[in-house]
Every structure is written in C-alpha cells, then in structure tokens.
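Here is a briefing on one protein model. Have the sequence and the 3D view open as you read.

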Amino acid sequence: MNEQLAAPVGTALDRFIHQKQEQFPFATGELSQLLRDIALAGKIVNREINRAGLINITGSHGIQNVQGEEQQKLDVIANVRFIRALRNGGEVCGIISEEEDELIDTGKPEGKYVVAIDPLDGSSNIDVNVSIGTIFSIYRRLSEQGTPVQERDVLQVGNKQVAAGYLLYGSSTMLVYTTGYGVHGFTYEPSLGEFFLSHPNMTIPTSSNIYSCNEGNSREFPAEVNAYLDYCKDKKYSARYIGSLVADFHRNLLKGGIYLYPSTKKAPQGKLRLMYECNALAYIVEQAGGKATDGSRRILDIEPTELHERCPLYIGSEEMVDKVEEFLHKEQLEPSLV
Ligand code: AHM
Ligand code: MG
C-alpha cells in the first residue's frame with residue numbers, strides 16, 4: 001500500500017475522505033460527497049435498528065419485495081432512508097435497490113454516478129437481534145450528464161465500480177469501503193455520532209479454517225460442492241454461518257475463510273444478487289487480497305443482463321476459493337446434481 005495513502009487510526013471518516021480526495025488533483029469532490037451521504041444514511045438506519053426492539057417496528061410489513069420475499073418493516077425504512085439521502089445529495093442520477101422492481105430515476109440528471117444498493121441485507125435476522133448490513137456499489141454513469149438515467153448506466157460489469165462498501169450493524173456499527181486504493185474500515189462512535197478509522201488497509205489472510213455455508217441446503221447442492229464440504233470437514237474446519245452476508249463476509253475478511261452460496265436444484269443461479277450483493281463484496285475482497293468467483297468466472301467480470309439477477313458466490317481467502325474451484329472442476333467426480 002502506498003505510504004502516502006496511509007492515515008492514522010482514529011481519523012474521522014469525513015477527514016479521511018477529504019484527505020483521499022486531495023491526493024487526486026482532478027477530483028471534483030462528488031464521489032466524496034456521495035460517500036458522506038451514504039455514511040449519514042447509515043447512521044440514521046443504525047439509529048432505527050437500535051430502537052427496533054423498543055418501538056416495535058420490526059416484523060413483516062405484509063408485502064412482498066421483487067424477489068417474492070416478505071419485506072420487514074426495517075427493510076422499508078432503510079430503503080427509504082438511503083434513497084432519500086442519495087436523491088437529496090444530487091450526485092446520483094439513478095439507483096437500483098433490492099427493494100424496488102425498477103430502476104429509480106432520482107430526478108437529478110446532472111448526477112455523475114449510479115448506485116446499486118441492498119439497503120438492509122440479512123433481513124431475516126432483524127427480529128432476533130443478529131447482525132445485519134447494507135451493501136452498496138457505485139459506478140460512473142455511461143450516458144451523458146444532464147440526460148435521464150438509462151438502464152445501461154447501472155447494468156455495468158463489476159470491474160467498473162468506482163467504489164463499494166458495506167455497513168455492518170453488529171456489536172459495533174462499521175463502515176467498510178474501497179475506492180480501489182485498499183479497503184478501510186471505520187467504527188461508529190455513537191456518543192459522538194461519527195465514524196473513526198479503526199481498520200486501515202484491511203487484508204484478508206490467504207487461508208484459514210473457517211467455512212460459511214447454509215449446509216441445510218446440501219441435498220440441493222451440486223455433488224462437487226458437497227465433495228468440497230466433506231474436504232472442509234476432513235480438514236476439521238470450523239463452520240460459521242450467521243445468515244447475514246455482510247456479517248459472515250466481515251468475519252471472514254478479518255479472520256480468513258470462505259463464504260459459499262452455491263447454485264441449488266431449486267435455484268440454479270443461487271440466491272444472492274449480482275448487482276448489489278456479490279459485486280460490491282467481490283471488489284472489496286479483491287482489494288483486500290482475496291478472491292470471488294461464481295465457480296468458474298471472476299465475479300467482477302460477469303456482464304449483467306438484468307437488474308436483479310442472481311449468481312452463485314464463492315468468496316474469501318484466495319487459497320480457499322482456489323480449492324473450491326478445484327473441486328468444482330474435478331472431472332472424475334459424479335456429474336453435477338443440478
Ligand atoms: P436478503 O437480501 O433477503 O436478506 O437475503 C440475503 C441473505 C444473505 O445476507 C445471507 O447470506 C443469505 O441470504 C442467507 O440465505 P439462507 O437463509 O438461504 O442461508
Ligand atoms: Mg440482500
């Protein structure tokens with residue numbers, strides 16, 4: 001990591017963003033402002049989450065989202081908060097959100113950026129006081145500034161992300177993001193209402209003994225995946241699965257490990273969404289020295305065709321992702337069950 005880009009632990013997020021911007025002579029400050037907008041919305045959502053148990057706003061909202069899943073009230077709240085923050089900021093011309101069927105035109109055609117966001121991921125964990133998160137990807141628009149946003153502005157390949165990150169609402173609230181110059185983690189200090197740099201230049205161990213997977217689905221997995229899971233058990237790896245992607249990913253980022261959500265018989269493309277779950281985490285993991293694939297393709301090289309498309313995900317420590325790929329491509333194994 002370039003020493004010039006180093007900032008001391010304890011640096012406030014705003015200052016950190018400002019310092020980074022100063023290192024790029026032609027930066028206009030719009031991306032910096034956009035990151036601040038996301039951080040602000042994150043603080044508001046964090047407050048709502050912390051009050052959830054008290055003010056009885058958790059539980060199903062009674063309507064289904066675009067994926068056919070039941071929305072939780074906090075999903076809706078988080079969605080509204082982030083969209084409002086991004087709209088008011090003015091840097092963003094279009095948004096796709098897990099909670100919205102269609103591309104959202106923010107009504108700010110001068111906005112240079114588009115955002116793909118999962119406002120509250122791991123929503124099945126809200127009611128049980130388990131960590132949840134927000135995941136976001138930022139792209140520079142392709143169409144001309146000053147014109148309405150188009151679908152092609154958001155349907156960009158992951159390697160075109162200019163920034164990506166997540167908020168983790170856990171035992172502490174954290175913001176972790178990259179703009180392509182390493183991964184930096186900030187911890188929220190609620191009494192001051194500010195994020196402070198706590199994890200500069202995060203790197204993921206190249207290997208470890210943690211695997212994260214919903215093995216309840218194993219009857220539905222391809223045979224090759226089950227062979228890999230047997231390998232993990234032979235190696236006496238620890239299974240750690242929270243069921244909140246951000247939380248599972250964050251733990252593996254710090255400690256090393258692999259997270260896998262394979263294709264299943266029922267869901268041949270897996271469960272997770274490329275545009276606002278897989279791409280952001282793939283960008284972060286690569287910046288941290290790890291790897292992310294769908295089993296055969298680098299996640300960041302997948303050309304999207306639909307806003308809400310899904311893809312299998314194998315992500316984490318490089319050697320562990322290499323190993324699972326080795327299993328997935330072993331010819332001597334029984335043909336895939338899927
Ligand atoms: P969500 O966007 O509806 O919350 O679904 C995504 C979540 C991930 O956070 C998590 O890793 C995965 O779904 C868990 O799925 P499962 O319950 O099938 O194990
Ligand atoms: Mg999600």
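**Metal site**

Glu-98 (OE), Asp-118 (OD), Asp-121 (OD) and Glu-277 (OE) coordinate the magnesium ion (ligand 2) at 1.9 to 2.5 Å. Donors here are N, O and S atoms within 2.8 Å of the metal (3.2 Å for Na, K and Ca); water is not among the atoms, so sites may look incomplete. This is a predicted model: local features need pLDDT of at least 70 and side-chain atom pairs pLDDT 80 or more, while totals for chains, interfaces and linings use all residues. Residues are numbered from 1 along each chain as its sequence is written, chains are lettered from A and ligands numbered from 1 in written order, and side-chain values use heavy atoms, leaving out hydrogens and water.

- Along the chain, the donors of the magnesium ion (ligand 2) follow the spacing E-x19-D-x2-D-x155-E.
- Glu-98 lies in the loop between strand S3 (92-97) and strand S4 (104-105), and Asp-118 in strand S5 (residues 113-121), so the pair ties together parts 20 residues apart in sequence.
- Glu-98 is buried, with a relative accessible area of 5%.
- Asp-118 is buried too, at 0% relative accessibility.
- Buried means under 20% relative accessible area, exposed over 50%, and partly exposed in between (1.4 Å probe, protein chains only).

**Overall build**

- The protein has 8 helices and 15 strands.
- These are DSSP runs, numbered from the N terminus: helices are H or I with at least four residues, strands E with at least two.
- Of the 338 residues in the protein, 54% are buried.
- Among contacts with a separation of 6 or more, 65% join residues 24 or more positions apart.
- Contact means heavy atoms within 4.5 Å.

- Two strands pair if DSSP finds at least two bridges between them.
- S5 and S6 pair in the antiparallel sense over 7 bridges, and Val-114 has Tyr-139 in S6 as its bridge partner.
- S6 also pairs with strand S7 (residues 161-169), antiparallel over 8 bridges; Phe-136 has Gly-165 in S7 as its bridge partner.
- In strand S6 (residues 132-140), 8 of the 9 residues are buried, so the rest of the structure largely encloses this strand.

**The open sheet**

- An open sheet of 5 strands runs S12-S11-S13-S15-S14, with mixed pairing.
- Its edge strands, S12 (238-239) and S14 (291-293), each pair on one side only.
- Strand S11 (residues 210-212) and S12 pair in the parallel sense over 2 bridges, with Tyr-211 opposite Ala-239 in S12.
- Helix H7 (residues 274-287) packs on the sheet, touching S14 and strand S15 (313-316).
- The direction of H7 makes about 30 degrees with that of S15; axes are lines fitted to C-alpha atoms, for helices over the stretch in contact, and angles run from 0 to 180 degrees between N-to-C directions.
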